[in-house]
Amino acid sequence: MTALLGRFSPQTLRLVALALALLATVLFFATQIEGYLAPRMFNRITTSAAVVLPLAVGQAIVVMTRNIDLSVGSILGVVAYIVGDTLGSLPDLHPVLVVAFCMALGAVLGAVNGVLVAWGRVPSIIVTLGTLALYRTFLVEWSDARTITTAGLPQWLVDLPQATAFSLGALEVRVTVVLAVGACLMAGAALAFLRPARRFYAVGSNPDAAAIAGINAARVVALAFVISGAMAGLSGFLFLAKFGNITVVAGMGMELKSVAAVVVGGVSIMGGSGSMLGVLMGALLVDTIDNSLTRWAVVSEFWRDALLGFLIMAAVTLDTLAARSLARMRRGGGA
Amino acid sequence: MNRLKTWEGGLLVVFLMTLALNLAFAPEFLTVQNQINLFQLSIEKIIVALVMTLVILNAEIDLSVASVMGLSAAAFGFLVNAGWGGGTAILVCLMIGLAAGAVNAALSARLGIPSLVVTLAMLIAFRGLARVLVRDESLGDFPAWVTDLGQKGLIGPVPLSLILFAALLAVLGVLLHRTGFGRQVVVIGTNAEVARFSGINVARVKTVLFLMSGTVSALAGLLYAARLGSVRGDSALGFELDIITMVLLGGVSIFGGKGSMTGVLLSILIILNLRNGMALMSITGHIQTGVIGVLLIGSVLLPNLVSDWRARRARS
């Protein structure tokens, strides 16, 4: 057993465990909910996970550098609202420009976090707890109690959530899902192969060593927050497309869901490790459980939040215990 | 120590300024009833802030306090509406708080998972349990003596919650600054490794702090329920932001080891006066939250900028 486990890296084992957990979850709910394995349910879960996935990708990069970004839910809300509002007066804006606008707006808000954390040396939990409140306050003031409705949005955006990119047999994969997964895989490829992206790991696993190796740690941390903001902007776009009707509470609490996806996806909260494949599966697992619970007759829908919290805790605890016993096994094997 | 003195001195100046502004805008500001109202509006938060001071001094954090408040309030509403007596329900709610603290302690102090992660997960979980208990309803119909205790004066015009705050301030102030346990809290916060090697039972001290935090949060949740006369699933939602701001603005270092009860008391007074002043100038609750957010970041950013500036001046 030891020899078998030793042959794989802890990261690989984690991904396998996640895949098994995802499979077990789907199989379990398939026996509990009628018509669960239908294409409709696939669409419901994938389009819902697509909104969270970019948030989780940005969050993962921030967490890799030993920080946390609790402001992403507020950034999502601000972006979705302001862009929705802008489209009301500029309906002919090109779709590509709209997405770019969303990500740029998010990046600016993320940059505020990044500057304060990296150069102001204020702990990220403090900064982002503060901007979580600040950005939401700004939105409430800016909105003046108005609501964005689908009536004010251009037709292409209203139709976007129903647009299918390609089909896998009976399963239709929506364009929004392709967008989110594409962003995730691009981030994953960059983290695996690009030297500048490897710096996120370097700074997170050992900031002192990274500094000695000539890496400007402050710049890397700031960049992580800018990326997180831009990804929250992309989520804001997907949120706007999916729901159409935006109020000032848009995205409230999404920061917790993104943290959940990240830690369930096996990104170490101590920094320095994690993979985008894990984040993808983490986001999918969290959303599968979330969406399935609302349709499961055995528990009331009010259990969703409580179970989400305990799920995060269980994932972190299992991860800590597994990492510890694996380390002990390795030490024992060497002696 | 020097830095701390100047920080508390600065707080005193700011406090006197906010006081003067309030007096200028509202001459009746200093009346006893107005001062009691001032404290009553945030009483649950300032009670929890006292315990949070010890937790942060210990280089830990408890983000789940507001959810424990909500859970305790929800449990009280649930039990009373299920026909339980007020006294028994209060006891059960305090036990729930103790249990919540025990969960946080077991996972962070014993298992060694960072308290930031543990209490963030528990923030979601405990809030979820509160929602399970009250669903999307609003539960009221508390016994009259409970709402009386929450809303009316107990000794003259002074309500129970204010007496509890004063008592807790005294007890925790003495515990922190005058006992061996308090010194252990600070030593662990300064350097947990050194503390361990000097024979301090680090896990035990941290466990005690999380148990205290859970129980006091549950007590604060009960006071909140009694004051408002009803509970909902989102009672006390987001209070952790205000509570942590009070502690950090009081000069307590987020990295542990540095800070005092006096500083936190001063920062509580400043925030109460600011909120009152902003209400007088008819600034709404949302902007007030924004201002608190700015204060939170500024209270940590400012000392950093000052020390940077000093270091640069020393070099040149």
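Is Arg66(A) buried, partly exposed or exposed, and how many other C-beta atoms lie within 10 Å? Arg66(A) is partly exposed, because 18 other C-beta atoms lie within 10 Å; with C-beta atoms placed from the backbone, a residue is buried at 20 or more such neighbours within 10 Å, exposed at 12 or fewer, and partly exposed in between. The structure is a predicted model, in which local features need pLDDT of at least 70 and side-chain atom pairs count only at pLDDT 80 or more, while totals for chains, interfaces and linings use all residues. Residues are numbered from 1 along each chain as its sequence is written, and chains are lettered from A and ligands numbered from 1 in the order in which they are written.

Arg66(A) belongs to the loop between helix H3 (39-64) and H4 of chain A; helices (H or I, at least four residues) and strands (E, at least two) are DSSP runs numbered from the N terminus. The phi angle of Arg66(A) is near 70°, a positive value in a residue other than glycine. A positive phi is also found at Arg121(A), near 55°, again in a residue other than glycine. Arg121(A) sits in the loop between helix H5 (95-118) and H6 of chain A. With 15 other C-beta atoms within 10 Å, Arg121(A) is partly exposed.

Two packed helices are described by the angle between their axes and the distance between the axes. In chain A, helix H4 (residues 72-89) packs on helix H11 (residues 217-243) at an angle of about 50°, with the axes 8 Å apart. Axes are lines fitted to C-alpha atoms, for helices over the stretch in contact, and angles run from 0 to 180 degrees between N-to-C directions. H4(A) is therefore oblique to H11(A); angles under 35 degrees count as roughly parallel, over 145 as roughly antiparallel, 65 to 115 as roughly perpendicular and the rest as oblique. The crossing of H4(A) and H11(A) is right-handed, a crossing being left-handed if the near helix is turned anticlockwise from the far one by less than a right angle, and right-handed if clockwise. On the H4(A) side, the residues in contact include Val72(A), Ile75(A), Val79(A) and Val83(A), and among those they meet in H11(A) are Gly229(A), Ala232(A), Gly236(A) and Leu240(A). Contact requires C-beta atoms, placed from the backbone, to lie within 7 Å. The residues of this contact comprise ten nonpolar, six polar and no charged; Ala, Val, Leu, Ile, Met, Phe, Trp, Tyr, Cys and Pro count as nonpolar, Asp, Glu, Lys and Arg as charged, and the others, Gly among them, as polar.

H4(A) also packs on helix H6 (residues 124-143) of chain A, at an angle of about 25° and with the axes 8 Å apart. This angle makes H4(A) roughly parallel to H6(A). The two helices cross in the left-handed sense. Contributors from H4(A) include Ile75(A), Val78(A) and Tyr81(A), and those from H6(A) include Leu132(A), Tyr135(A), Arg136(A) and Leu139(A). By class, the contact of H4(A) with H6(A) has seven nonpolar, four polar and one charged residues.

E1(A) pairs with strand E2 (residues 171-174) of chain A in the antiparallel sense over four bridges, where pairing requires at least two DSSP bridges. Ser167(A) has Glu172(A) in E2(A) as its bridge partner. Two residues lie between the strands of this hairpin, in which Gly169(A) takes a positive phi near 65°.

In chain B, helix H3 (residues 43-57) contains Val51(B). Val51(B) counts as buried because it has 26 C-beta neighbours inside 10 Å. Residues up to four places away in sequence aside, Val51(B) touches Leu172(B), Met212(B), Ser213(B) and Val216(B). H3(B) packs on helix H13 (residues 261-280) of chain B at an angle of about 155°, with the axes 10 Å apart, which means that H3(B) is roughly antiparallel to H13(B). Ile46(B), Ala49(B) and Thr53(B) of H3(B) make this contact with Met261(B), Val264(B) and Ile268(B) of H13(B). The residues involved are five nonpolar, one polar and no charged.

The contact between the chains takes 32 residues from chain B and 32 residues from chain A. On the side of chain B that touches chain A, the elements giving two or more residues are helix H6 (115-134), helix H12 (239-249) and helix H14 (285-315) of chain B. That side has 23 nonpolar, six polar and three charged residues.

Notes: Contact = placed C-beta atoms within 7 Å.
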